[in-house]
Amino acid sequence: MMNKPMVSKHFESRKPSAVRVAQMKYEAREVKPEAVINVGIGNVSLPTNPAMQKRLFDLGAAGSPFENGAIRYTTTAGTAECRDAFKNILHCEGFDTDELFVQVTDGGSAGMELVIVGVCGEPATGDKPLMMIDPAYTNYISFSERIGRKTVTVKRTLEEDGKFNLPNMDAIEAMIEKHQPGALLVIPYDNPTGQLYDYDTLEALAKLCVKYNMWMISDEAYRELYYDDSKPLVSIWGLSEARVPGIKGRRISIETASKVWNACGLRIGAVITDNALFHDRSVAEYTANLCANAIGQYIFGALAHESKAQITSWCKEMRAYYGGQIVKVYNCLKEMEPELIVSSPDASIYSVIDVRNIVASGFDARAFVQYCASEGAVEIDGVMTTLLAAPMSGFYDIADGEINPGSTQFRISYVETPDKLAQVPEAFIKLLRQYEAKRLKDED
């Protein structure tokens, strides 16, 4: 038999993202139920901003760069208008943008990988790892593995009251001294937990970055999506040199059109920094990619011309919508099954559900997700329905032999229509009971 070419060891080891695994399993299902509720992926279903819609629907209009049918490369850093759109948003939110450098990328994901290349040590050396706060968005783990960079984590604990608690700053500092990371990643409006960081916590972490000469990276995909009006808008760009001496010149934020602006498929993001050298070298690195999506840049560029009142009104509308949906689902889950642990609905568009108090030993969230996707179905309002969620095990960076807290946890995304989101608690609990009964019977 003739030998066949081999894929790389990296490809051999790859498994689907925890965020995508349920959808992939469901797509392979031969006999599908009548309805599926997909809360496994943060794929926003709301219409995008009206100013962006106008450009989307008028790409061929006079004055559009695409009116003659040509779609050319832009500069690598992105069009001036698109870069100004990201700056305008920050300016309307009350942050000083005079000394910020903006680089447009193909979605926030491309920005993540670019930043890891720029702040961590050489590939495969383990030097200057990326320090994360577990559980953390899966792509940071995946991209670090892809490019041979190491990650280290400080672990939060999901308490019975639904709060994710950080260890004290002394414990975090001990981890920094042990691993000597090149950068600390924070997600103030957290994916996957829904936790909202306050300024005191952000400042304390920033001071550690200064003390140990680390970069501070802030993933601000969900900035503006927070549900406590008594708290200020939190951003790495709200940290001041007066309160954190030395923070200037070591900050990087990762931005995206996907979430607040409801444009996941546009694939427009940005890397913003107050460090001229980082920006210059990052753009040089990205020249290999040529540029970000030209049509997406033009559509998102509409926000460069929106007023503070328009930006503020849009963000307020998004907060009201998501905040209402999250509270409804949270309350219904707790009413239907009081022993469920559901993360506090503070920010972003996610909740974590922990079933550790209501399942038998040996439960595996990944197996439950695959069951729901491949064969599970329950009746909801007379319709056979299944639910797709994301197992939390993939959001934890766990060493071999360690217990993964995500084995009993799930992330749900508030991206379906309100009528479908209202069915999430019933579908989740019915499917969980169905699965547990089958699992325990099979084990007898």
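**Helix contact and pockets**

Q: What makes the meeting of α12 and α14 a contact?
A: From α12, the residues A367, F368, Y371 and C372 meet F428, L431, L432, Q434, Y435 and K438 of α14, where contact means heavy atoms within 4.5 Å. Helices here are DSSP runs (H or I, at least four residues), numbered from the N terminus. The model is predicted: local features need pLDDT of at least 70, side-chain atom pairs count only at pLDDT 80 or more, and totals for chains, interfaces and linings use all residues. Residues are numbered from 1 along each chain as its sequence is written, and side-chain values use heavy atoms, leaving out hydrogens and water.

Q: What makes the largest pocket a pocket, and which residues lie nearest its centre?
A: On a 1 Å grid over the protein atoms alone, a pocket is an open set of points with protein on both sides within 12 Å along at least five of seven lines. Lining residues have an atom within 4 Å of a point. The largest pocket has 35 of them, and R14, K15, P16, S142 and G394 lie nearest its centre.

Q: Which helix gives the most to the lining of the largest pocket?
A: Helix α6 does, with seven residues. Helices α1 (9-13), α5 (107-119), α6 (138-146) and α12 each supply at least two residues.

Note on methods:
1 Å grid on protein atoms, 1.4 Å probe; cavity = no way out; pocket = protein on both sides within 12 Å on 5 of 7 lines; lining within 4 Å.
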